[in-house]
Amino acid sequence: MIQIGDQTYAFSDPMVIGALVGAAIILLVLILLITSVRRAGKTAEVTQILASQMGGMNSRVQMLSDGQQQLFGGLNSVTEAQAQQQARTIQLMEKRLADVTEAMGANLSSSAQRTAQSLGDLQQRLQTIDKAQENITKLSGDVLSLQDILSNKQTRGAFGEIQLNDIVSKALPSDAYAFQATLSNGKRADCLIHLPNPPGPIAIDAKFPLEAYEALRNASTDWEANEAAKFMRTSLKKHIKDIAERYIIDGETADGALMFLPSEAVYAELHANFPELVREGFAARVWIVSPTTCMATLNTMRAILKDSRMREQAGAIRKELALLYSDVDRLGTRVDNLDRHFGQAAKDLSDIKISADKAGKRARRLDNFDFEELAPDTDPKVVPLTPPK
């Protein structure tokens, strides 16, 4: 690299190479001049030749100087063009950098907004999850409470009675049943449906053999399963016997009773694996029902109650119809009498009109004093005037 003032030139630049070649030629000329001076003793012919060569060398040096000036001018032009191109490049880069910066700012702002929105949505979802967790916790507590209820026989019985109460109150009118009704034998039924005779009032008793069902479900060996099945049969047979003895009374209740199982699972297990117990209940006139089948049975009872009440009201309806018929007949008679009265009144009005017309004619004749022209009165109803005696 060669630095001249503020300009820097590379050795590979053609102008620099030309300048170096020119300098080498000048150096060679000087060497020749020195050699010529040393050979001053040569002949004049050699001196003239040398002088002519020196003149040619001077012209060449002048040409080389002119070329060097042109080279410097070209280098200046190239330098200015490079400076202008560099300035334009810098401006373009600055503009593009500004555009990129603006785009990045917009993207960052949009990303920040989306991130904030996502965080807001995430917070709402977390709140929803917290509420769901609270509900799950509450439900877990309720399940534990239900387990506590079902683990005690008295509370389990109350649970069955409450469920039976809810089903019956939704299916039947309030005057068609009674809860905790006491029978003549002193036994108290969970619910007594007041059906007409036949079949008569029918009792419903709630039973929940949970221990036997759980033992059957938790059995892991054949022996445990057999023992649990025996426990289930013993429990159900006892319930069937108790209901048949307590709530079926000849002449007071229907010829049968209902055993309400407040669990569809126990009911399904009973019908699937213990059909002999169901048949034994039929034989003892104790029909086992679940919440679903109990609702269907109560709907049938409601239809029976409706039909019975309509039959009870049939006599009263016939009596009211007879009274209505007599009232209508009396009204017809009175209308006929009124029609006769109106007919007689119309005849009387017609007679009165005829008499009024005759009276008017006679009044006009009397007004004219034309007694001679009066026609003899042939009406036998007219009383003739006689002179006084």
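K207 is buried, and D205 is buried too, where buried means under 20% relative accessible area, exposed means over 50%, and partly exposed covers what lies in between (1.4 Å probe, protein chains only). The side chains of these two residues, K207 and D205, meet in a salt bridge, with 3.2 Å from N to O. The term salt bridge stands here for a side-chain nitrogen of Lys or Arg within 4 Å of a carboxyl oxygen of Asp or Glu. As a general point, side chains of opposite charge can pair when their charged atoms come close.

Before going further, a word on the model itself. This is a predicted model, in which local features need pLDDT of at least 70 and side-chain atom pairs count only at pLDDT 80 or more, while totals for chains, interfaces and linings use all residues. Residues are numbered from 1 along each chain as its sequence is written, and side-chain values use heavy atoms, with hydrogens and water left out.

D205 sits in strand β5, which spans residues 202–206; strands (E, at least two residues) and helices (H or I, at least four) are DSSP runs numbered from the N terminus. The relative accessible area of D205 is 4%, so D205 counts as buried. What does D205 touch, leaving aside residues up to four places away in sequence? The list is D190, I243, Y247, L258, M259 and F260, with a contact meaning heavy atoms within 4.5 Å.

Now step back to the whole protein. It has 8 helices and 7 strands. Of its 389 residues, 21% count as buried. Among contacts between residues at least 6 apart in sequence, 61% join residues at least 24 apart. The protein exposes about 28,100 Å², and carbon and sulfur atoms supply 58% of that area; accessible areas come from the Shrake-Rupley method with a 1.4 Å probe, and for residues only the protein chains shown count as cover.

One piece of that surface deserves a visit. I26, L27, L28, L30, I31 and L32 make a nonpolar surface patch of about 540 Å². Patches are built from residues with over 30% relative accessible area and no salt bridge, joining like charges within 9 Å and nonpolar side chains (Val, Leu, Ile, Met, Phe, Trp, Tyr) within 5 Å. I26 belongs to helix α1, residues 14–38. With a relative accessible area of 34%, I26 is partly exposed.

One of the pairings joins D242 and K238, whose side chains meet at 3.0 Å, N to O. These two residues are separated by about one helical turn because they are 4 residues apart in helix α5, residues 222–247. D242 counts as buried at 12% relative accessibility. In helix α8, residues 291–368, D327 and R330 are 3 residues apart, so about one helical turn separates them. Their side chains form a salt bridge of 2.9 Å, N to O. Both ends are partly exposed: D327 has 42% relative accessibility, and R330 has 38%.

What about the cysteines? A disulfide is a covalent bond between the sulfur atoms of two cysteines. Taking a disulfide as a pair of cysteine sulfur atoms within 2.5 Å, a search of the whole structure finds 0. For the sulfur of C191, the closest cysteine sulfur is in C294, and the 8.3 Å between them is too far for a bond. C191 is buried, with a relative accessible area of 0%, and C294 is likewise buried, at 0%.

Finally, a look at the backbone. Most residues other than glycine have a negative phi, and most peptide bonds are trans. Which phi does Q180 have, although it is not a glycine? Q180 has a positive phi of about 55°. Q180 lies in strand β3, residues 177–182, and is partly exposed, with a relative accessible area of 33%. R285, also not a glycine, has a positive phi of about 60°. R285 is in the loop between α7 (275–283) and β7 (286–289), and its relative accessible area of 35% makes R285 partly exposed.
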